[in-house]
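Please look over the structure below before reading the notes. They cover selected elements.

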Amino acid sequence: MSRRVRVNPIACEAHGMCAELLPERITLDEWGYPIVDGEPVSGEELAHAKRAAQACPTFALLLERQG
Amino acid sequence: MNPADASMLAPPAADHAPNAGSLPRLLAGVSDDGGRVHVERHLSVHGGLPLVGGRRSWRRREESPLVEEVHRAGLLGRGGAAFPMARKLQAVAAVRGTAIVVANGTEGEPASEKDATLMELAPHLVLDGAVAAAEAIGATEALIATCEIDVGAFESVSLAIEERSAAGIGGSDEPSLRVVSAPSHYVAGQETALVNYLDGGPALPTFTPPLPFERGVGRRPTLVSNVETLAHLALIARHGARWFRALGTPAGSGSTLVTLAGPVARPGVYEIALGSSLASLARAAGGTTHEVRGALIGGYAGAFMPASRLRDVALSEEHLAPHGARMGAGVVSLLSTDACPVAETVRVARWMAGQSSGQCGPCVHGLDALAGELERLAQGAGSGEGRLDYLATVIARRGACGHPDGMVKLLESALRAFPEEFADHARHGPCERCASPPELPLPARPVSGERRRSRRATA
C-alpha cells in the first residue's frame, strides 16, 4: 500500500524534525516550514516517513492513503 | 429527467414566467429608486416557489428532480469558485445524516457588494433558494450568513423571514430559517471558516478533510452555497433549465451579478447575462468618466487586466480564462489612468498579507515577505524578480485554505498586466501617480459600528 506525505499547515510549528528524518522527501523553506513533494512513498522510505510522522511534536505530518 | 418531469417542476406559472431571454431576473421587481422587494411584490413578480419534490431524509435514496434540473441548467456557484451547483447538492445528499444548508452571504471581498445588495433588495429569492435547496437534499434547517458590517442585509433577510410566516408561506413542512451575522475579515467567508464559526468556533479556516459536505455544522452534511447561487436556484425551481439557459453562454449559463467600480458614471451592482461584454456593462453604467488603465476582475484573489485587453473582453469564465482571469465573485473594478497600478498592487498585497488568519506558516511569513518585496520594488530597489518568483513558488498551495494562492495569482497577474510600470518603478522608484488617491477599496480593520448601508442596483 503506497502512502503520501502531507503536512497539516495549521498544526505545523516548524520544529523541522521531519526534514531531518525524511530528507529525501522533505526540505524546509526559509522560515523552517516543511515543503513536501506529493509523490507516493513506499518500501524502506515508508518506514522513514512513519518515523518522521511519529517524531512530529505537533502531529502535523500525515501519511495519507493514496486514493 | 424527461420533459414531462421538467414541466412538473415548472408548473403553469405562465402569468409569472418572464421572457426567458430578458433581464432583470434576480433584480426583477426592484424599483428604480432601489426599493426592497417585499413579500407581496415578490409573489406578484415571481409567483410562489413550487414544490421541488425533495426527499424527506437521506434514507430515501431517490434524487430530487430539482438536482437534475439544476444540472441541466448548468448553474455554477457565484461565490468565487464557480463550482457546479448540482454536484454540490448531490455530494451533500449522498452523505448519511440530516443535512443543513448554509447560505453564504458573508462577501469578504472588499470590492464586492452584490451579495449584500441582493439580500437587501431581493431577500425572498435568497430564502426561496435556501428552502428549495434544503428540500432537495432533505435538510431541516437553513442558516443565512451575512457580514457583520452589512446591517441592511441582515435586517432585510430577518424581516423577510417574518414576512414569509405572516404571509403563510411554507408552514410546518418548511425547513427552519435563521439569519446569522458573521465576522468581516477576508477569510471569514471561506466555507470551512464559516462552518467553524457557526459551530461556535473562531471564523478561521480548518484543515480538510473533512469538507463541509461530509461533516459541517453540528457535524452534519452541510451545503455551503453563495446567496446569489441560491437565488438562481429559486428561479430554476420555478422556470426550469431551458429558461435559465436562454441567457449566458453554453459553459456559463444564466445571468450574474457584478459589482462595477471605478471611473464610470453610475458604479454599483448590475445584473448581466454571462458572456456579455465589459464594454456593454460600462455603457449600462453611463459610460466611463475617465480614461481607463486597466481593471481588477474577480476580486482580490482575481486578476488584473490591462486596458488594451478590456476593449473586447466578455464577462464569463471561458472568455476570461485566456487572460488568466476568472469571474470570481463578480468584481469589475476599473482603474483610471490617474492611478498607479504598482501602488495599487502594493496596497492590496499588504492588505492581503494582513488578512492571513495567522494559522499557516507559509502564509503568515510568505505573504508578508511577498508584500515587502513588492514595497521595495516600488521604492526603486530593483526588480528582485528572482525573489518574487521564488516566493510565489514556495507559497503556492501550502496553506490550509486558498488565501495564499489567491494573493500569488493576483501578483502574477499584476506583473503580467503592467510590465512596463513595474520595470519603471524597480529602476526609478515612485512615479508621480503613486501619491494619487487610492482607487481600489480596502477596508480599514473592521471597526465595530462601521456600517455599509446604501446600495444601488441596476439591471
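This is a predicted model: local features need pLDDT of at least 70, side-chain atom pairs count only at pLDDT 80 or more; totals for chains, interfaces and linings use all residues.

1. Residues are numbered from 1 along each chain as its sequence is written, while chains are lettered from A and ligands numbered from 1 in the order in which they are written.

2. In chain A, an open antiparallel sheet has 3 strands in the order β4-β1-β5 (strands are DSSP runs of E, at least two residues, and helices runs of H or I, at least four, numbered from the N terminus; strands pair if DSSP finds at least two bridges between them). β4 (40-41) and β5 (61-65) of chain A each have a single partner strand, so one side of each lacks a neighbour in the sheet.

3. Strand β1 (residues 3-7) of chain A is joined to β5(A) by 5 bridges. A:Glu64 in β5(A) is the bridge partner of A:Arg4.

4. In chain B, the axes of helix α5 (residues 114-121) and helix α9 (residues 227-245) come within 9 Å and cross at roughly 45° (axes are lines fitted to C-alpha atoms, for helices over the stretch in contact, with angles from 0 to 180 degrees between N-to-C directions).

5. Helix α16 (residues 403-417) of chain B reaches 21 Å from its first C-alpha to its last, close to the 21 Å expected at 1.5 Å a residue (1.5 Å times one less than the number of residues). Of its 15 residues, 12 are buried (20 or more other C-beta atoms within 10 Å of the residue's own, with C-beta atoms placed from the backbone). Among them are B:His403, B:Leu410 and B:Ala417.
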